[in-house]
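Subject: Structure handed over, with findings

Dear colleague,

Please find below the structure I promised to pass on to you.

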Amino acid sequence: MAEFAWDTSRRAQLPDALRHRALERRPRAPSTAREVQRAARHHRAIFISDVHLGTRGCKAELLADFLGKNSCDTLFLVGDIVDGWRLKRRWFWPEAHDAVLAALLHKIDTGTRVVFVPGNHDEVFREYCGRSIAGVEILREAIHETADGRRLLVLHGDHFDAVIAYAKWLAHLGDWAYSLALELNEVCHFVRRNFGMNYWSLSAFLKQKVKNALEYICRFEDAVAREVRARGFDGVVCGHIHHAAIKRIGGILYLNDGDWVESCTALVEDAQGHLEILCWASSAKERIPASAQLDGAAEPVPA
Ligand SMILES: [Mn+2]
(Lines give C-alpha, C1' and ligand atoms only; values in the text may rest on other atoms or scores of the structure.)
Protein backbone atom coordinates (compact mmCIF):
# COMPACT_ATOMS: atom_id res chain seq x y z
CA MET A 1 0.00 0.00 0.00
CA ALA A 2 3.04 2.25 0.24
CA GLU A 3 2.47 3.80 -3.17
CA PHE A 4 -0.86 5.31 -1.95
CA ALA A 5 0.62 7.02 1.09
CA TRP A 6 -0.04 10.77 1.15
CA ASP A 7 2.98 12.79 0.14
CA THR A 8 2.59 16.52 0.87
CA SER A 9 5.02 17.43 -1.88
CA ARG A 10 2.50 16.06 -4.42
CA ARG A 11 -0.26 18.45 -3.43
CA ALA A 12 0.91 20.89 -6.10
CA GLN A 13 0.29 18.24 -8.77
CA LEU A 14 -3.38 17.83 -7.84
CA PRO A 15 -6.12 19.51 -9.86
CA ASP A 16 -7.31 22.76 -8.25
CA ALA A 17 -10.56 21.45 -6.80
CA LEU A 18 -8.90 18.51 -5.10
CA ARG A 19 -6.03 20.59 -3.79
CA HIS A 20 -8.42 22.95 -2.04
CA ARG A 21 -10.35 20.03 -0.67
CA ALA A 22 -7.18 18.65 0.83
CA LEU A 23 -6.40 21.99 2.43
CA GLU A 24 -9.91 22.26 3.87
CA ARG A 25 -9.52 18.94 5.62
CA ARG A 26 -6.72 20.18 7.83
CA PRO A 27 -7.86 20.44 11.47
CA ARG A 28 -9.09 23.94 12.30
CA ALA A 29 -7.19 26.14 14.71
CA PRO A 30 -8.97 26.92 17.99
CA SER A 31 -11.46 29.80 17.75
CA THR A 32 -10.20 33.28 18.40
CA ALA A 33 -12.08 36.58 18.43
CA ARG A 34 -10.79 37.30 14.94
CA GLU A 35 -12.02 33.95 13.66
CA VAL A 36 -15.47 34.60 15.13
CA GLN A 37 -15.50 37.86 13.24
CA ARG A 38 -14.72 36.03 10.00
CA ALA A 39 -17.39 33.45 10.82
CA ALA A 40 -20.11 36.09 10.32
CA ARG A 41 -22.38 34.64 7.66
CA HIS A 42 -24.53 35.89 4.86
CA HIS A 43 -27.73 33.99 4.06
CA ARG A 44 -30.23 34.30 1.26
CA ALA A 45 -33.04 34.38 3.84
CA ILE A 46 -33.37 34.29 7.62
CA PHE A 47 -36.58 33.33 9.43
CA ILE A 48 -37.10 34.09 13.12
CA SER A 49 -40.24 34.12 15.27
CA ASP A 50 -41.56 34.00 18.82
CA VAL A 51 -39.08 36.56 20.15
CA HIS A 52 -41.59 37.92 22.70
CA LEU A 53 -39.92 41.32 23.16
CA GLY A 54 -41.43 42.95 26.24
CA THR A 55 -41.27 39.82 28.39
CA ARG A 56 -38.60 38.66 30.82
CA GLY A 57 -38.28 35.39 28.95
CA CYS A 58 -37.01 37.01 25.76
CA LYS A 59 -33.32 36.28 25.09
CA ALA A 60 -32.72 39.72 23.60
CA GLU A 61 -28.92 39.76 24.11
CA LEU A 62 -28.51 36.55 22.15
CA LEU A 63 -30.83 37.75 19.39
CA ALA A 64 -29.03 41.10 19.04
CA ASP A 65 -25.76 39.14 18.82
CA PHE A 66 -27.26 36.83 16.17
CA LEU A 67 -28.61 39.73 14.09
CA GLY A 68 -25.25 41.50 14.27
CA LYS A 69 -23.35 38.48 12.96
CA ASN A 70 -25.79 37.17 10.37
CA SER A 71 -26.81 39.16 7.32
CA CYS A 72 -29.31 38.24 4.63
CA ASP A 73 -31.13 39.43 1.52
CA THR A 74 -34.55 38.89 3.13
CA LEU A 75 -35.41 38.69 6.83
CA PHE A 76 -38.77 37.14 7.71
CA LEU A 77 -40.20 37.97 11.14
CA VAL A 78 -42.70 35.13 11.53
CA GLY A 79 -44.87 36.49 14.34
CA ASP A 80 -44.88 37.03 18.11
CA ILE A 81 -41.94 39.41 17.77
CA VAL A 82 -43.34 41.89 20.30
CA ASP A 83 -45.57 40.55 23.07
CA GLY A 84 -48.41 43.07 23.00
CA TRP A 85 -50.55 41.07 25.40
CA ARG A 86 -47.91 41.18 28.15
CA LEU A 87 -46.96 44.81 27.54
CA LYS A 88 -50.59 45.82 27.97
CA ARG A 89 -50.54 44.40 31.48
CA ARG A 90 -47.08 45.57 32.53
CA TRP A 91 -44.47 47.62 30.73
CA PHE A 92 -41.14 45.79 30.48
CA TRP A 93 -38.58 47.12 28.03
CA PRO A 94 -34.91 46.90 29.07
CA GLU A 95 -32.00 48.15 26.96
CA ALA A 96 -31.37 44.77 25.39
CA HIS A 97 -34.82 44.91 23.77
CA ASP A 98 -33.92 48.29 22.28
CA ALA A 99 -30.73 46.70 20.94
CA VAL A 100 -32.83 44.16 18.99
CA LEU A 101 -34.91 46.95 17.44
CA ALA A 102 -31.72 48.87 16.59
CA ALA A 103 -30.28 45.76 14.91
CA LEU A 104 -33.49 45.36 12.87
CA LEU A 105 -33.47 49.03 11.82
CA HIS A 106 -29.81 48.73 10.84
CA LYS A 107 -30.73 45.83 8.55
CA ILE A 108 -33.47 47.87 6.89
CA ASP A 109 -31.13 50.86 6.46
CA THR A 110 -28.44 48.70 4.87
CA GLY A 111 -30.74 47.22 2.24
CA THR A 112 -32.18 44.05 3.80
CA ARG A 113 -35.78 43.36 2.82
CA VAL A 114 -37.72 42.81 6.05
CA VAL A 115 -41.11 41.06 5.97
CA PHE A 116 -43.25 40.83 9.12
CA VAL A 117 -46.03 38.23 9.42
CA PRO A 118 -47.77 39.09 12.74
CA GLY A 119 -48.62 36.33 15.23
CA ASN A 120 -51.24 36.11 17.99
CA HIS A 121 -49.17 38.04 20.53
CA ASP A 122 -48.57 40.95 18.14
CA GLU A 123 -51.90 40.65 16.33
CA VAL A 124 -52.41 44.41 16.70
CA PHE A 125 -50.24 44.66 13.57
CA ARG A 126 -52.63 42.43 11.61
CA GLU A 127 -54.72 45.51 11.00
CA TYR A 128 -51.85 46.89 8.95
CA CYS A 129 -51.34 43.87 6.68
CA GLY A 130 -50.59 44.97 3.14
CA ARG A 131 -48.83 48.14 4.32
CA SER A 132 -45.20 49.03 4.99
CA ILE A 133 -44.25 50.66 8.29
CA ALA A 134 -40.70 52.02 8.79
CA GLY A 135 -39.56 50.00 5.80
CA VAL A 136 -41.07 46.72 7.08
CA GLU A 137 -43.58 44.94 4.83
CA ILE A 138 -46.47 43.62 6.93
CA LEU A 139 -48.31 40.62 5.52
CA ARG A 140 -50.92 38.18 6.87
CA GLU A 141 -49.05 35.40 5.04
CA ALA A 142 -45.97 35.62 2.84
CA ILE A 143 -44.78 33.45 -0.03
CA HIS A 144 -41.08 32.70 -0.30
CA GLU A 145 -39.47 30.97 -3.26
CA THR A 146 -36.20 29.23 -2.40
CA ALA A 147 -33.12 29.52 -4.60
CA ASP A 148 -33.91 26.06 -6.02
CA GLY A 149 -37.49 27.02 -6.89
CA ARG A 150 -39.59 25.58 -4.04
CA ARG A 151 -42.62 27.66 -3.06
CA LEU A 152 -43.00 28.07 0.70
CA LEU A 153 -45.95 29.56 2.53
CA VAL A 154 -44.81 31.67 5.50
CA LEU A 155 -47.32 32.01 8.37
CA HIS A 156 -47.24 32.19 12.16
CA GLY A 157 -49.51 29.21 12.80
CA ASP A 158 -51.83 30.20 15.66
CA HIS A 159 -55.01 29.73 13.63
CA PHE A 160 -54.38 25.97 13.66
CA ASP A 161 -54.99 25.84 17.41
CA ALA A 162 -58.69 25.08 16.99
CA VAL A 163 -57.92 22.17 14.69
CA ILE A 164 -55.56 20.67 17.22
CA ALA A 165 -58.27 20.52 19.88
CA TYR A 166 -60.62 18.54 17.67
CA ALA A 167 -58.08 16.72 15.51
CA LYS A 168 -59.62 13.26 15.99
CA TRP A 169 -63.22 13.86 14.99
CA LEU A 170 -62.22 16.41 12.35
CA ALA A 171 -60.18 13.73 10.62
CA HIS A 172 -63.38 11.69 10.28
CA LEU A 173 -65.56 14.56 9.10
CA GLY A 174 -63.28 15.65 6.30
CA ASP A 175 -62.16 18.90 4.75
CA TRP A 176 -65.28 21.03 5.13
CA ALA A 177 -65.34 20.57 8.92
CA TYR A 178 -61.65 21.24 9.03
CA SER A 179 -62.04 24.54 7.17
CA LEU A 180 -65.00 25.45 9.38
CA ALA A 181 -62.91 24.92 12.52
CA LEU A 182 -60.24 27.25 11.14
CA GLU A 183 -62.83 29.93 10.46
CA LEU A 184 -64.48 29.52 13.87
CA ASN A 185 -61.11 30.07 15.50
CA GLU A 186 -60.70 33.35 13.63
CA VAL A 187 -64.20 34.46 14.71
CA CYS A 188 -63.49 33.53 18.34
CA HIS A 189 -60.30 35.54 18.23
CA PHE A 190 -62.00 38.54 16.63
CA VAL A 191 -64.77 38.56 19.23
CA ARG A 192 -62.38 38.32 22.18
CA ARG A 193 -60.27 41.17 20.83
CA ASN A 194 -63.19 43.47 20.08
CA PHE A 195 -64.78 42.96 23.47
CA GLY A 196 -61.45 43.81 25.12
CA MET A 197 -61.27 40.42 26.83
CA ASN A 198 -58.21 39.60 28.89
CA TYR A 199 -55.32 37.64 27.58
CA TRP A 200 -56.05 33.97 27.31
CA SER A 201 -53.75 31.69 25.42
CA LEU A 202 -55.68 29.12 23.42
CA SER A 203 -52.52 27.20 22.66
CA ALA A 204 -51.51 27.07 26.33
CA PHE A 205 -55.01 25.81 27.17
CA LEU A 206 -54.85 23.17 24.44
CA LYS A 207 -51.45 21.99 25.58
CA GLN A 208 -53.10 21.13 28.88
CA LYS A 209 -56.02 19.43 27.15
CA VAL A 210 -54.03 17.18 24.85
CA LYS A 211 -52.23 14.42 26.65
CA ASN A 212 -48.71 15.81 26.45
CA ALA A 213 -46.58 18.42 24.72
CA LEU A 214 -45.33 15.94 22.13
CA GLU A 215 -48.87 15.09 21.06
CA TYR A 216 -49.66 18.79 20.76
CA ILE A 217 -46.62 19.33 18.55
CA CYS A 218 -47.51 16.36 16.30
CA ARG A 219 -51.10 17.54 15.86
CA PHE A 220 -49.95 21.07 15.08
CA GLU A 221 -47.43 19.89 12.47
CA ASP A 222 -50.00 17.61 10.82
CA ALA A 223 -52.64 20.37 10.70
CA VAL A 224 -50.22 22.84 9.12
CA ALA A 225 -48.93 20.34 6.55
CA ARG A 226 -52.48 19.36 5.62
CA GLU A 227 -53.55 22.91 4.81
CA VAL A 228 -50.35 23.77 2.97
CA ARG A 229 -50.69 20.65 0.80
CA ALA A 230 -54.29 21.54 -0.01
CA ARG A 231 -53.18 24.98 -1.11
CA GLY A 232 -50.57 23.60 -3.48
CA PHE A 233 -47.33 24.79 -1.85
CA ASP A 234 -44.12 22.76 -1.65
CA GLY A 235 -43.62 23.64 1.98
CA VAL A 236 -44.34 25.89 4.92
CA VAL A 237 -42.37 28.07 7.32
CA CYS A 238 -44.09 28.71 10.65
CA GLY A 239 -43.43 29.33 14.34
CA HIS A 240 -45.90 29.55 17.26
CA ILE A 241 -45.18 26.26 19.07
CA HIS A 242 -41.59 27.12 20.07
CA HIS A 243 -40.26 23.92 18.57
CA ALA A 244 -37.82 24.23 15.66
CA ALA A 245 -37.94 21.50 13.01
CA ILE A 246 -37.11 20.61 9.44
CA LYS A 247 -39.04 17.56 8.31
CA ARG A 248 -41.17 16.06 5.57
CA ILE A 249 -44.82 15.45 6.38
CA GLY A 250 -46.84 13.76 3.65
CA GLY A 251 -44.69 15.20 0.88
CA ILE A 252 -44.71 18.70 2.40
CA LEU A 253 -41.54 20.35 3.65
CA TYR A 254 -42.41 21.45 7.19
CA LEU A 255 -40.09 24.14 8.57
CA ASN A 256 -40.45 25.69 12.01
CA ASP A 257 -37.97 28.38 13.02
CA GLY A 258 -38.38 27.83 16.78
CA ASP A 259 -38.19 30.74 19.22
CA TRP A 260 -36.00 33.16 21.20
CA VAL A 261 -37.43 32.36 24.63
CA GLU A 262 -36.28 28.80 25.15
CA SER A 263 -34.22 27.46 22.25
CA CYS A 264 -32.83 30.60 20.50
CA THR A 265 -33.08 29.19 16.98
CA ALA A 266 -33.31 30.65 13.49
CA LEU A 267 -34.04 29.05 10.13
CA VAL A 268 -31.63 30.11 7.39
CA GLU A 269 -31.43 29.51 3.64
CA ASP A 270 -28.15 29.70 1.72
CA ALA A 271 -27.55 30.82 -1.87
CA GLN A 272 -28.27 27.28 -3.17
CA GLY A 273 -31.59 26.95 -1.36
CA HIS A 274 -30.23 24.68 1.38
CA LEU A 275 -32.17 25.18 4.62
CA GLU A 276 -30.85 24.68 8.14
CA ILE A 277 -31.63 25.59 11.74
CA LEU A 278 -29.04 27.59 13.66
CA CYS A 279 -29.01 27.16 17.45
CA TRP A 280 -27.51 30.43 18.58
CA ALA A 281 -27.53 29.66 22.31
CA SER A 282 -24.96 26.89 21.94
CA SER A 283 -22.79 28.61 19.34
CA ALA A 284 -22.75 31.86 21.33
CA LYS A 285 -21.81 30.33 24.68
CA GLU A 286 -18.16 31.32 24.47
CA ARG A 287 -18.91 34.85 23.33
CA ILE A 288 -21.77 35.97 25.58
CA PRO A 289 -21.37 36.29 29.36
CA ALA A 290 -23.32 33.57 31.16
CA SER A 291 -25.29 36.20 33.09
CA ALA A 292 -26.73 37.56 29.85
CA GLN A 293 -27.68 34.07 28.64
CA LEU A 294 -29.57 33.23 31.79
CA ASP A 295 -31.26 36.59 32.20
CA GLY A 296 -34.99 36.19 32.55
CA ALA A 297 -35.01 32.46 31.94
CA ALA A 298 -37.49 31.87 34.75
CA GLU A 299 -40.70 33.16 33.20
CA PRO A 300 -42.34 30.90 30.64
CA VAL A 301 -44.10 32.54 27.71
CA PRO A 302 -47.08 30.76 26.15
CA ALA A 303 -47.10 30.35 22.37
MN1 LIG B 1 -47.81 32.44 18.74
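Predicted model: local features only at pLDDT ≥ 70, side-chain atom pairs only at ≥ 80, totals over all residues.

In what order do the seven strands of the open sheet lie, and what is the pairing? The order is β4-β5-β3-β2-β1-β11-β12, and the pairing is mixed.

Overall picture

The chain has 303 residues, of which 37% count as buried. Its secondary structure comprises 12 helices and 12 strands. Among the contacts with a separation of 6 or more, 69% are between residues 24 or more positions apart.

The mean pLDDT of the chain is 79, with 65% of the residues at 70 or more. Residues 1-38 have a pLDDT below 50, and this stretch makes seven contacts in the model beyond near neighbours in sequence. The pLDDT is also below 50 over residues 286-298, a stretch with 14 contacts beyond near neighbours in sequence.

In β3, Val114 and Phe116 make up the covered face, while Arg113 and Val115 make up the uncovered one.

Elsewhere in this sheet, strand β1 (residues 41-48) pairs with strand β11 (residues 265-269) in the antiparallel sense over three bridges. Phe47 stands opposite Leu267 of β11.

The five-stranded sheet

A further open sheet has five strands in the order β6-β7-β8-β10-β9, again with mixed pairing. Its edges are β6 (142-145) and β9 (245-249); each has a single partner strand, so one side of each is left without a neighbour in the sheet. On average, neighbouring strands of this sheet are turned by 25° against each other, direction ignored.

The pairings may be followed along the sheet. β6 and β7 are antiparallel and share four bridges, with His144 opposite Leu152 of β7. These two strands form a hairpin with five residues between them, and Gly149 in the turn has a positive phi of about 85°. β7 and β8 pair in the parallel sense over three bridges, with Val154 opposite Val237 of β8. Strand β8 (residues 235-238) is also parallel to strand β10 (residues 252-256), over four bridges, and Gly235 stands opposite Leu253 of β10.

Helix α10

Helix α10 (residues 213-230) lies across β7 (151-154), β8, β9 and β10, and runs at about 130° to β10. Does the length of this helix agree with its residue count, or disagree? At 1.5 Å a residue, the 18 residues of α10 should span 26 Å, and the end C-alpha atoms are 26 Å apart, which agrees.

The buried residues of α10 include Tyr216, Phe220, Ala223, Val224, Glu227 and Val228. Residues three or four places apart in an α-helix point the same way, because there are 3.6 residues a turn. Just after α10, Gly232 takes a positive phi of about 80°.

Core and contacts

The largest nonpolar core has 60 residues, and Phe76, Val236 and Val237 are those with the most contacts inside it. Neighbours within four places in sequence aside, the contacts of Val237 include Phe47, Phe76, His144, Leu152, Val154, Leu255 and Leu267.

With kind regards

Technical notes:
Residues numbered from 1 in each chain as written. Buried ≥ 20, exposed ≤ 12 C-beta atoms within 10 Å, placed from the backbone. Contact = placed C-beta atoms within 7 Å. pLDDT = per-residue confidence, 0-100. Pairing = 2+ DSSP bridges. Axes fitted to C-alpha atoms, helices over the stretch in contact; angles between N-to-C directions. Core = buried A, V, L, I, M, F, W, Y, C linked by C-beta atoms within 7 Å. Expected span 1.5 Å × (residues − 1).
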